[in-house]
Amino acid sequence: MKQKAFWPRSPRRFSTSPKLLCSSPTTQHGPLLHGFSAAKSPLSVLPTKSLIYSVLFTSVMSSPLLKPSLAVLKYVIDSKSSLFHPSRNALTRYLLRTTIYNHFCAGENEVEVRHSVQKMKALGFKGVILGYARESVAKIDVLNPAAAAKIEPEVLDYAVDEWKEGNLRTLKMIGAGDYLSVKFTGAGPAAVEALARGDHVPPPRIQAAITEICAVAAAQGSRLWIDAEQQIFQQAIDDWTIDLMRQFNRDGNVVVLNTIQAYLKSSAQNVSRHLTLASAEGWTLGIKLVRGAYIAHDYRSRIHDTKEETDANYNHIVQFLLTRQYPADEPSAHAFPHVRLFVATHNAESVRKAYSLSRHRMQNRLPTIPVEVVQLQGMADEVSCELLAYNASSKGSDEQTALPGVFKCLAWGSLEECLHFLLRRAIENQSAMERTRHTAIALRREAWRRLGWTGH
């Protein structure tokens, strides 16, 4: 019999607009974690320069300036004009590099990225997830599964080799306990076409490349997660990733995690399918749970109709995993396997629920699974910093071992690659206005505090 829901669901309904499904509910004005009051502002750990840029960007994101700002940014980075494009105009490049890029991205080379990683760990984060910003986004109605046949084999091989070397290079920038973020479409046309065909196994050159990447990650004590992508690719991505988990996630160890998008109606069943395979075949399952980021490029019928349904489904999956249950409606005959969960969200309510339930079960010695929490660099700092403050306040206590680790997810790459990466995410999430307003309020309060002004 299914356990009664640990968290009540709000009766409030949301708009069925597709734009709302990836946004987050309003964050609380009070502490993220009930009963916790930090001795000083959790945001006090942010460097002043980072705080200033955060105030600036969140103020724009939570105002009517957001849509025109995104339109201008898109025009600039897509422009062929030498007057606007950052690769042709030194002033444009300087302005974008010293503002948006530096705030949201880790760097363009190994020296810059290592410096960014060290800064994050100095703030108290347990580790980082680092990914190369290059990615491919396909238009469902124009994708031609036979297109790769027209491309020279040498070009296909070069794209795969470049992808492999990029991921191996990224691994050298992180250490034990950190994660590598991998996108299969980054391997170029051969990967895109194989994924679109729904091939159950990768082409041999891609198979050899990802196996080498996983082996290097395991040897240095790092892990990797395979990012979710569009639904036209996702079934094959799941198949390829499950094969990697079969190979590398053995003896209770987790090297590879797969990503599940909770805005999909089938996500709870997909999690249960992963659990069943892991239990039946004896490997450890790693899951990164996100809400979803391809709503503008995906099959709308496969996505929950309302934002409330997406939020409820996300929390439902987290709850059932942390209580070691299968989240699908159908009961399973298989025992619950070894699982590691990454709660990857800027949604403060989901973070609070996951964090609190994990602590509760660990402290009371109830069956549960390891869980970690992550937000993107430059975003949801009020959530990340409060978790860091709570963890810091618990050092030396018995509770310390029960606390989920807090991570930051960083993207690196050229200015153009990272700006395209950031622009797509901003467009997908531009309706997350209410949460951003509360983020902006928290950041402004910290700015006033540093100026010595009260009452704001």
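## Helix H3

The bend at a residue is the angle between axes fitted to the seven residues ending there and the seven starting there. By that definition, helix H3 bends by about 40° at arginine 97. The structure described here is a predicted model.

The 15 residues of H3 should span 21 Å at 1.5 Å a residue, and the C-alpha atoms at its ends are 20 Å apart, which agrees. An α-helix has 3.6 residues a turn, so residues three or four places apart point the same way.

## Aromatic pairs

The whole structure contains 13 aromatic pairs. One of them joins phenylalanine 57 and phenylalanine 104, whose ring centres are 5.3 Å apart with 40° between the planes, a tilted arrangement. This pair links distant parts of the chain: phenylalanine 57 belongs to helix H1 (residues 48–61) and phenylalanine 104 to helix H3 (residues 90–104), 47 residues apart. Both phenylalanine 57 and phenylalanine 104 are buried.

Phenylalanine 184 and tryptophan 240 have ring centres 5.0 Å apart and planes at 85°; planes over 60 degrees apart count as edge-to-face, so this pair is edge-to-face. Phenylalanine 184 lies in the loop between strand S2 (179–182) and helix H6 (189–197), while tryptophan 240 lies in helix H8 (residues 231–248), 56 residues apart. The cut-off for buried is under 20% relative accessible area. Phenylalanine 184, at 0%, is therefore buried, and tryptophan 240, at 2%, is buried too.

## Aromatic cluster and charges over rings

Tyr179, Trp225, Phe342 and Phe407 make up one aromatic cluster. Tryptophan 225 also has lysine 288 over its face, at 4.1 Å from the ring centre.

A charge over a ring is also found at tyrosine 314, where the charged end of arginine 291 sits 4.4 Å from the ring centre.

## Surroundings of glutamine 261

Glutamine 261 is in strand S4 (residues 256–261). Its relative accessibility is 4%, so glutamine 261 counts as buried. The side chain of glutamine 261 reaches the backbone oxygen of glutamate 229 at 3.3 Å.

Apart from neighbours within four places in sequence, glutamine 261 is in contact with Ala228, Glu229, Gln231, Gln234, Ser267, Val290, Arg291, Gly292, Ala293 and Tyr294. Among these, Arg291 is the residue whose charged end sits over the ring of tyrosine 314.

Definitions and conventions: Residues numbered from 1 in each chain as written. Predicted model: local features only at pLDDT ≥ 70, side-chain atom pairs only at ≥ 80, totals over all residues. Heavy atoms only, no water. Phe/Tyr/Trp six-rings, centres within 6.5 Å; stacked < 30°, edge-to-face > 60°. Helix = DSSP H or I, 4+ residues; strand = E, 2+ residues; numbered from the N terminus. Buried < 20%, exposed > 50% of the residue type's maximum accessible area, 1.4 Å probe, protein only. Lys NZ or Arg CZ within 6 Å of the ring centre and 35° of its normal. Expected span 1.5 Å × (residues − 1). Polar contact = N/O pair within 3.5 Å; in protein donor to acceptor, adjacent residues only side chain to side chain. Contact = heavy atoms within 4.5 Å.
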